[in-house]
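Please open the model in the viewer and keep the selection tool at hand.

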Amino acid sequence: MSLRWLLSAVHLLGLGVGLGAVWARALALKGLLDPAGLRRVFYADSSWGIAAIMWIVTGLWRAVGGLEKSTSYYLHNYLFLAKMGLLVLILVLEISPMIHLIRWRIATARGEALDTRRAHRFAAISMVQAVLVVLMVLAATGMARGYGAART
């Protein structure tokens with residue numbers, strides 16, 4: 001198996017893991033936030049973070065590592081730029097949930113009470129992020145078929 005193929009496979013697997021994880025996090029945040037419910041939230045959130053690392057590392061490697069098309073190709077492809085815009089939006093939306101979930105993890109480890117009033121808001125953000133991941137997949141599949149490339 002070539003490195004190019006492996007990176008592509010890991011990148012795509014990250015999308016699947018990420019979509020499932022952010023959806024599971026949304027559902028867990030809508031549920032009862034007892035100790036078992038919090039474990040579900042934290043497990044899904046950790047999976048979401050792992051998926052983000054998978055996407056970013058493999059995506060950067062593929063885009064600038066010279067294994068796929070040239071970096072110039074990607075930077076002049078409007079579907080790639082749309083995909084990157086969607087990723088930035090996902091990351092911006094993640095700031096507040098990430099900060100609060102880290103605080104929740106620390107408080108839980110210390111046995112402290114949690115302020116979970118924002119859980120439904122974070123669930124809604126997670127649902128929006130799931131839709132954005134699907135849009136990223138649509139952009140990626142269009143790119144794979146040659147759409148979005150600058151005409152020369």
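Select Asp45 to begin: with a relative accessible area of 12%, Asp45 is buried (under 20% relative accessible area; exposed is over 50% and partly exposed in between, with a 1.4 Å probe and protein chains only). The model is predicted, so local features need pLDDT of at least 70 and side-chain atom pairs pLDDT 80 or more, while totals for chains, interfaces and linings use all residues. Residues are numbered from 1 along each chain as its sequence is written, and side-chain values use heavy atoms, without hydrogens and water.

Arg105 is partly exposed, at 28%.

Now select Glu94 and Arg25, a salt bridge with its closest N and O atoms 2.8 Å apart. Glu94 belongs to helix 4 and Arg25 to helix 1, so the bridge ties together parts 69 residues apart in sequence. Glu94 is buried at 11% relative accessibility, and Arg25 is buried at 0%. Display both pairs together: Arg25, Asp45, Glu94 and Arg105 are linked in a network of salt bridges.

Finally, move to Arg117 and Asp115, whose side chains form a salt bridge at 2.7 Å, N to O. Arg117 is exposed, at 71%, whereas Asp115 is partly exposed, at 42%.

Conventions: Salt bridge = Lys/Arg side-chain N within 4 Å of Asp/Glu carboxyl O. Helix = DSSP H or I, 4+ residues; strand = E, 2+ residues; numbered from the N terminus.
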